[in-house]
Amino acid sequence: MTALFHSALSLHDEPLPGGAHTSLILRKGHILRLTDIDGGANVSMMMLNPHEKSERLNLPDTLKGQHTARLTTGHCFYSDMGRVLAAIVADSCGWHDPFGGVLNAAETLEKYGAGRYQELRNGFYRNGVDNLLVEMGKWDLGLEDLLMVVNFFSKVTVDEESRFRFSADNSRAGDFVELYAPMDVLMVLTALPHPQDPATEYLPRPVQLSWYQADRTEAVTDAMLTRDENQRAFHNTQLFAL
Amino acid sequence: MTFIISDRRPEDAFYRHVIPAGEPWLFDVKQGQTLRLLDLEGNQAIDTLFYNADNPRERYDPQRTLRRQGKVYLTTGSVLYSSLGNPLLTIVADTCGRHDTLGGACSQESNTVRYAQNKRYMHSCRDNFLCACLHDGRLHKRDIGANINFFMNVPVTPEGGLTFEDGVSAPGKYVELLAECHVMVLISNCPQLNNPCNGWNPTPAEVLIWN
């Protein structure tokens, strides 16, 4: 947890139901807060530069540049062009996952069983690949743009035998993470259970989306200069549109 | 780590090509053929991407691949899955023991972030990828996703740390993959000089294919 870089007054609030997908452009200087409403939420997200959509979140660059395999306050999301698309400026969880990815329709059927619209109407079992593809299609993006995604609110560790371990209690009701945009960033997201969550009942959790104006952008940037790599990446961001 | 040796003989391969240090190579491997990547002089990262040749938008997916095997490194038995969930290739032999798929490929832009602004103009893997893609015509910038770094060692710690270590490879180490469908193979024989991923000395690598 760190100090907040915005007033209590949000610009807009919107719940994202469990299982749903959406997309938005977080404007330069704004902060998006994701809040886990019930606990146990997971949000899978892709990020892109809306002005040049071939520039996208590059998780390998993000991880190796900051020598981390977990994401929390002080970490930046780097694009493939070496710019900071977004930065985590507040986080009550302490761990967000870069490994798990999203399930497709076949994997969702295998894990949860059949859950078709025909029987369940809008409670049907959705999957991350299709949710993200549909949302990306609205921006004229395609399968080639579906890269490694971040899974917010989820924690997956790697043990001494190099095996993945999912932590079930990483996020509780009211936990939140805040993303600051030093440049306009297109976010495509879906609220579905983490693929490595062992629960076999389909129970997607809702999240609240809240927009804020950062009130001290220089202070935000200073707080994110946790390492030299971030300073150079912020420099690249500034050079994108001098 | 477990080492699985292949009984295939280089003289029986129908295709052999040595990729000089720092250069790209793009080629096709048909379903049922076996591809060997050979680290000729040791500690050479071979940055590699795979595509379904019948639908080049469908690409190797590192998150699905790692999730489905439940482990963070690639070795014999690893099935390389696509973004649509289809198996592209399976690793069938490996004398190195483990390979990285989290470290990505170097680029001019990431070099400015990782090292210094004045490293921008050094040669890089993603420049290699782009050059090979645009000459071939079937692939474009947006098709370049997270790749495999064969022969590269990027340990992940239980605390969530990630580091670049000296290579675990050595002269003559190889990895073999069986193509589960018709795949395009995009390689950059890594030119990185700013970290130990190539033992500070990029060297040639050989590609062999058997029917």
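**Chain A, overall.** I began by counting elements: chain A has six helices and twelve strands. Helices here are DSSP runs of H or I with at least four residues, strands are runs of E with at least two, and both are numbered from the N terminus. I then looked up the radius of gyration of chain A, which is 17 Å and close to the 18 Å that the globule rule gives for 242 residues, so chain A is as compact as a globular protein of that length. That radius is taken over C-alpha atoms, and the rule is 2.2 Å times the number of residues to the power 0.38. The C-alpha atoms of chain A fill a box of roughly 55 × 40 × 35 Å along the principal axes.

**Ground rules.** I noted that this is a predicted model, in which local features need pLDDT of at least 70, side-chain atom pairs count only at pLDDT 80 or more, and totals for chains, interfaces and linings use all residues. Residues are numbered from 1 along each chain as its sequence is written, while chains are lettered from A and ligands numbered from 1 in the order in which they are written.

**Burial in chain A.** I found that 53% of the 242 residues of chain A count as buried. Buried means 20 or more other C-beta atoms within 10 Å of the residue's own, exposed means 12 or fewer, and partly exposed is in between, with C-beta atoms placed from the backbone.

**The core.** Which residues have the most contacts inside the largest nonpolar core? They are A:Met45, A:Met47 and A:Tyr180, in a core of 119 residues. Its largest share, seven residues, comes from strand S6 (residues 84-91) of chain A. A core is a set of buried Ala, Val, Leu, Ile, Met, Phe, Trp, Tyr and Cys residues joined through C-beta atoms within 7 Å. In soluble globular proteins, nonpolar side chains tend to be buried together. I also listed what A:Tyr180 touches beyond four places in sequence, including A:Phe5, A:Ile31 and A:Val220. Contact means C-beta atoms, placed from the backbone, within 7 Å.

**Helix H6 of chain A.** Buried residues in H6(A) include A:Arg232, A:Phe234 and A:Thr237. Their cover includes S6 and helix H5 (217-224) of chain A together with H2 of chain B.

**Chain B, overall.** Chain B has three helices and eleven strands. Its radius of gyration is 16 Å, close to the 17 Å from the globule rule for 211 residues, so chain B is as compact as a globular protein of that length. Buried residues make up 51% of the 211 residues in chain B.

**Strands in chain B.** I traced S11 (residues 205-210) of chain B, which pairs with S1 (residues 15-19) in the antiparallel sense over five bridges. S3 (residues 34-39) of chain B also pairs with S11(B) in the antiparallel sense, over six bridges. Pairing needs at least two DSSP bridges. B:Val18 has B:Glu206 as its bridge partner, and B:Arg36 has B:Leu208.

**Where the chains meet.** The contact takes 37 residues from chain B and 42 residues from chain A. Strand S5 (55-59), helix H1 (62-69) and helix H2 (108-114) of chain B each give two or more residues to that side.

Definitions and conventions:
Contact = placed C-beta atoms within 7 Å.
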